[in-house]
Amino acid sequence: LPPELEARIAELEACAAAGEPLSDFDSFSWCWMILLGVLIPVLLLVIGWFA
Amino acid sequence: MSAPANLLADESAWPLLPAERTWGTARLSLTLVTTTAATWLYLIGESVGHYLGFIQGGVALTAGCMIGMLLVLLAAGPTCGRFGVDSVAASKPQFGSRGWIVPAVLQGISIIGWNSLLIIFFAKSAVQLCVALGILGPGPRSSALVPLLTLFACAVIFTALRRGASGVSLMSNILFAHVFVGLWMLYLLVSHRWPELMAARPALASPDRLWNYTTGVELGIGSTLSWWPYIGAMIRMAPDTRTVVLPVLLAMGAPVPLLSLIGLAGALVLKSSDPAEWLRTVGGTTYAIISLAFVTAANFGTTTAGIYASAIGLRNFGTLQRRSWTTLLLLTITPVALVGIFIPELFFAKFGNFLAFIGVAFAPLCGIQIIDYFVLRRRRVDIRAMYSAEPAAPYYFWRGINPAAMLALAAGCCTYILLLNPLTYQSRGLYAYLTASLPSVAAAALVYFFASRLVIRAGRGGYSNR
């Protein structure tokens, strides 16, 4: 790997090893995703069908 | 990292470090809104207006956009958000250390194709604006300025993007007001033509009410799935995945249905999605000038973000990693400029069909990424492996290609085309109940899941580290 890329990856791995996990979605994010990506669209589809 | 390295970080496809990821919720939202709002929204609205009335069309489109945006976020969001990489780099664990070229090509063609269209729209709107302002006279002489304006637009975008991601953000800050002009235009049309809007009947509606409704949803899902190529380059600038969720779902997802209502309303009442035309009808020349200024500005923001995302995508190619940022920008923007200068009318007439087919591939791509990340890898991605093309590297698979991903991509595309012809909108089977994009996502995910069982059994793909 190019030295600068190697340094970047090492720094990211060090972050994870130091207990700062590079996490993805937390529970807050999942709540919003379920609300905005599932519940509201389903509700809209029902409302739209009977509109 | 040293200061110069920091300055160059957002011009590379390498992972960004936490200190380099400085876009907060507001900055990301603003950039995403400006990126989303462009002429294509009228075209989406017009397409929905062929099949559905204003209320039902607006609701179906909104629901579809929200579903599509969730799929894109679940596909590209976790890897891009965690490691600060772009959409193409995020596809390496699924497609392999060489196979990622397939998503990269899809990204390049989609972005360059769409941006060529938008730049031509920009140039045409600018000519119309000059004619409306009395700067130019009407007629073919003015139209001859389209290539010159295309070149001007490309030069401005090139200059802005010399600053990397901050150039995209700067453009967004300047152009953000146009979104409110768009909302004002929508208000005008709705408030002036409400009774007609409610009475209007869609011109191409099928006798099957469910089919019309599903097509509205499908247009929403399909439109937002096309954000896959853009999303990684933007959200990698945010500090973490939590920060990107609401901006993506609201700032990127909401403007699509909201501003598409302009095209929907125009298509229903005035049989034209061109806002300049119907604003002239509603409020005279002054309103038409404001509308043209809006269209001109809108396409500028989207194209800037698109060229940036495409240039970052190109950086993943080994031969381009060491090239200067200027070279990368020129490689990305030159095809757009050449199309706008030499073949604008031909491209306008023919390339839309090709783009429709390219768009079909983003649904299975999302299905593959979602099932791989959440189910097969159980959210464990090796950042080091993403940048290693050695035969011993985890994502090397076979000759750098994961056959499971290729098979799943083909299965997803076939599923889509079997259910819905993206050009003629002729449908088959259970389309009216399922849409075409959702079964395509599901088919690709299922094929990928079962084919990956064989890959895992063969000890390839880095799954053994789970």
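At the start of H14(B), a side-chain oxygen of B:Asp240 comes to within 3.3 Å of the backbone nitrogen of B:Arg242. The model is predicted: local features need pLDDT of at least 70, side-chain atom pairs count only at pLDDT 80 or more, and totals for chains, interfaces and linings use all residues. Residues are numbered from 1 along each chain as its sequence is written, and side-chain values use heavy atoms, without hydrogens and water.

Helix H14 of chain B (residues 241-252) spans 15 Å from its first C-alpha to its last, close to the 16 Å expected at 1.5 Å a residue, the expected span being 1.5 Å times one less than the number of residues. Helices are DSSP runs of H or I with at least four residues. Nine of its twelve residues are buried, so H14(B) is largely enclosed by the rest of the structure; buried means under 20% relative accessible area (1.4 Å probe, protein chains only). These buried residues pack against H2 of chain A as well as H2, H4, H13 and H15 of chain B.

The contact (heavy atoms within 4.5 Å) between the chains is summarised below.

| Item | Value |
|---|---|
| Residues from chain A | 33 residues |
| Residues from chain B | 42 residues |
| Area buried between chains A and B | about 3,600 Å² |

Buried area is the accessible area (1.4 Å probe) that two parts lose on being put together, summed over both. Five salt bridges link chain A and chain B, each a side-chain nitrogen of Lys or Arg within 4 Å of a carboxyl oxygen of Asp or Glu. One salt bridge joins A:Glu13 and B:Arg384 (2.9 Å, N to O).

How values were computed: Chains lettered and ligands numbered in written order. Helix = DSSP H or I, 4+ residues; strand = E, 2+ residues; numbered from the N terminus. Buried < 20%, exposed > 50% of the residue type's maximum accessible area, 1.4 Å probe, protein only. Polar contact = N/O pair within 3.5 Å; in protein donor to acceptor, adjacent residues only side chain to side chain.
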